[in-house]
Each structure stands twice: as C-alpha cells, then as structure tokens.
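Please read the following briefing beside the sequence and the coordinates. It moves from the contact between chains to the fold of one chain and then to single elements.

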Amino acid sequence: MKGGKEILTVVLLAVTAVLMLGAIYMVFVYAPEERVMGPVQRIFYFHVPSAIVTFSSVMVLLVASVGYLSTRRAFWDNLSRAATEIGLLFCTVVLVTGPIWAKSAWGVWWTWEARLTTTLVLWLILAACLMVRGYAENRDQGARLAAVLGVVAALDVPIVYKSVDWWRGQHPVVFGPGKKEPLAPEMLRTFLFCLLVFFLLYALLLVLRTRVATLEDRARSLSETLGGR
Amino acid sequence: MSAAPRRPGPGFLRGAWIVAAKDLRIEWRTLETLSAMVLFSLIVLVVFNFAFDLTTVRQVGAARLVPGVLWVTFSFSGIVGFARSFAIERHRDSLSALILAPVDRSVLFAGKTLANLATVAALEAFILPLSAVFFDYDLLSLFGPLVLVVLLHTVGLSELGTLFAAVAARVGRGEALLATLLFPVASPLFISAVKCTAAVLDGKPLSAVSSWMLMTAGFDVLYFLVAILTFEYILED
C-alpha cells in the first residue's frame, strides 16, 4: 500500500517532467506565431492554464475545508493547507505572467479589470489564510480557523468576479461567444496540452505537499511523545 | 441520580438581543469604542480634506470623490470597533463565560454583529452630516436613499467584521490581521457601496443601481448564513 503510493508518485513525477518538456517544445516551436501580438502571445500557454489551476485549487480548498469541519480528519486539513499554498503559487504565476503580456498588448502593466482584480483579491485572501495558520496557537486551532476562512474565501471568489465584472471589463475573451476568429488548431492543441501538463504539475505538487504535511504531523506527535523537544 | 431539570435557553432572536444589549450597555457606560472610532474617523476625514480640498471637490464633483472618502472612513473606523468587540471579552476572559451561555454559538455571532452594527451605524450618523459640511453636498435632499444604501452595506461589513474579529481575537492578533482578512473578502461590498453612494449623490433614483443593491442584499444574507454555520468552529477550544 505504502510502496504503491510511492511508485505512483514517482511515475507522476516522471510523466509530468517529460510532458513539461513536451509542452515547452509545443509552445516555442510547434505553435505558430500570432499575427498581431507576436511572440509575447506565447505566454498565454502558461498564463491561462495557471489561472485555471488557481481557480480549481480554490475548489479543492472549499472541498477540503468542508471535509475538515465535518470529519475533523487531519488529512483534509493537510489537503487544504496544500491547496492554499499551491494555489497561492499558481496565483503568483498568473499575476507575474499577466502584466508581462499586458504591457505589450494593452500598453499598460496593470488595469483594474475583472479577472485581474479578482485574481489579485484571491491572492490576498489566500495569503491571509496562510497568515492565520501561522499565527494560530496550536495545530487544531489553525486547522479550524483556516477551514472556516477557506469556506468564506471560496464562496467569495465568484462574487468578487461578478462584482468587478459589472464594475468594468476588457479582458480578452479567447473562448466562448463573441469571438469571430477561432484559434488556429495548432494553438488550440498546444493550449490543451499545456492545460493537461499544468494540471499534472498541480496534482504532483498537491500530493507532495499533503505528504509533507502528514509527515510534519507525525514528527510533531513523535516529539511530543518523547518529551516535547 | 436524575439530571437537574434543564432550563431552556432563550430563543435565537431573544438570545442575540441579550448579547447585543450587554455589549451596547458596556459601550454606553464607557463610550470607549465609540469615542475611539469617532476620533479616528475625524482624523481620516481631515486627512482626506488635505488631499482633496473644496476646490478639487467642486471641480470633480462630490459624487466622484465623496463615496470613496465615506467608505474608507467607515471601514477604517469599523475595523477599530470590530476589533474592540472581542477585545472587551478577552480583557477579563469573559469569552469563556459567554461560550458557556445556554444558547447556540450562532446566537453569540448574531448578538455581536447586532452590537457592532449599532455602533458603526451610530458612527455613520455622526460622519454623514460632517462629511456633508466638509465636502459641501446636500445631505437633506438625499437623506432617505443615502441612509438605505449605507445601512444595507454596513450590515454586510458588520457581519464579516464580527466573524474576522473573532478569528483575529482567537489567535491573539488585533486590527492588522482583521484588516488583512476583511478588506479583500469585503471587496464586492466596497465596490457596490461606492457605486450606490455615487448614484445617490448624483441624484439618480435607487432603481438605477438595483442590481448592486440586490447583490449586496444577497451578500448580506449569504455571509450571515455562512457565519451562523461556522462561528462555533471559531469559538471552539
């Protein structure tokens, strides 16, 4: 059982590493250059999957938080901690790659547009969740407070999005209605492949971080048994 | 041995009212929180008047500037009040006594929120006329809709403020953590508050911002329910 898990993780690691190299090849060699925006458009293949992974991580956070509050099993708390941290990581990637693209496409680094603002607010909320964990007096308290904040934060994200969307909007809509020219098939294939790779990377990081958190728990309980050093 | 007959605790509304009345009575006798909030909000207003003097306000128009000034003032002073509402319990460790009360924990949340709402509303009753004086807009003709907008958004602000103040108090932190938690989560509330206040100051009818008002009402209800369901986990030891 234990060995099986280890092997699965190693396989996941190997597959992700190989596919990541493939993704880099597809982004820089296979995908054609965009006519208007030029090479800077290629950042889209990292930016959008990171954003999708970030918001999926919020869903994981919601499920893990509710799971912890209803079962009180340490696994859910470790999962929610991992989802918060890795969500924050991908959120940072989104916030760094976005302005690099925006400076060349829109002429400004930042604009207070719906998705940008929502992502920034989400970054702040996730950081606040981690802060509360850090301040907590003990593990149980941190887990409980973080779970409550996880629920509040996850429910807040769609509301923030909707409200900023009403407030103002100019983000490019690549998919969905209102788009005249469809993406070139090579571009779409590259994008979908990158999306897959980013989800694999997310899953790998989530598994590893949850595992580390479980090991931290064991180390803590062992040191408590041995006389609290 | 038979258990002593249990006296049923008060119902939800009555319990919430008892908790709120207790807090408000303490506040009424000391005026500690309200005086701190009033002084702080005065300072914020004065600083804003350094930034935007009357000439600027007249040029840009009150409807463009005043909503932001008002909501920054309300939320900053609100933070002072929310943090105090659990600090008074910490002082004599009376939070344990409160938790032992024969009511559901959600009743404590409702009571604390009610007391905070009343305190912030009292502050707003002081700030609104003052801002009309400082920024030269006609408060009397806009009084009804403006009060409605301010109260609707203050309800949500007090709910989240109370919830996060409890979190901050549990980990022994004050205003800094409270602000870090409150401002991002309450951002839809602030956007809506500024939009609605601007519309009212522009002399538009409330129906022009009905979708914002509806969203805020939904926000108020949603977070009241979420807080009711989760508050016991925050207070748990």
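Two residues are in contact if their C-beta atoms, placed from the backbone, lie within 7 Å. By that criterion, 26 residues of chain A are in contact with 21 residues of chain B. The model is predicted, so that local features need pLDDT of at least 70 and side-chain atom pairs count only at pLDDT 80 or more, whereas totals for chains, interfaces and linings use all residues. Residues are numbered from 1 along each chain as its sequence is written, and chains are lettered from A and ligands numbered from 1 in the order in which they are written.

**Side of chain A that touches chain B**

- Helix 4 (114–135) and helix 5 (139–167) of chain A each supply at least two residues of this side, helices being DSSP runs of H or I with at least four residues and strands runs of E with at least two, numbered from the N terminus.
- The largest share, 16 residues, comes from helix 5 of chain A.
- By class, this side has 21 nonpolar, two polar and three charged residues, where Ala, Val, Leu, Ile, Met, Phe, Trp, Tyr, Cys and Pro count as nonpolar, Asp, Glu, Lys and Arg as charged, and the others, Gly among them, as polar.

**Chain A overall**

- Chain A has six helices and zero strands, and its C-alpha trace spans about 65 × 45 × 30 Å along the principal axes.
- Of the 229 residues of chain A, 34% count as buried, a residue being buried if 20 or more other C-beta atoms lie within 10 Å of its own, exposed if 12 or fewer, and partly exposed in between, with C-beta atoms placed from the backbone.
- Among contacts in chain A with a separation of 6 or more, 79% join residues 24 or more positions apart.

**Helices 2 and 3 of chain A**

- Helix 2 (residues 44–71) and helix 3 (residues 74–105) of chain A pack at an angle of about 160°, with their axes 8 Å apart; axes are lines fitted to C-alpha atoms over the stretch in contact, and angles run from 0 to 180 degrees between N-to-C directions.
- The two helices of chain A, helix 2 and helix 3, are therefore roughly antiparallel, a term for angles over 145 degrees.
- The contact of helix 2 with helix 3 of chain A has 18 nonpolar, twelve polar and one charged residues.

- In helix 6 of chain A, the buried residues include A:M187, A:F191 and A:T210.
- Just after helix 6 of chain A, A:G227 takes a positive phi of about 110°.
- B:G11 lies in the segment before helix 1 (12–30) of chain B and counts as exposed, because it has 12 C-beta neighbours inside 10 Å.

Definitions and conventions. Parallel < 35°, antiparallel > 145°, perpendicular 65-115°, else oblique.
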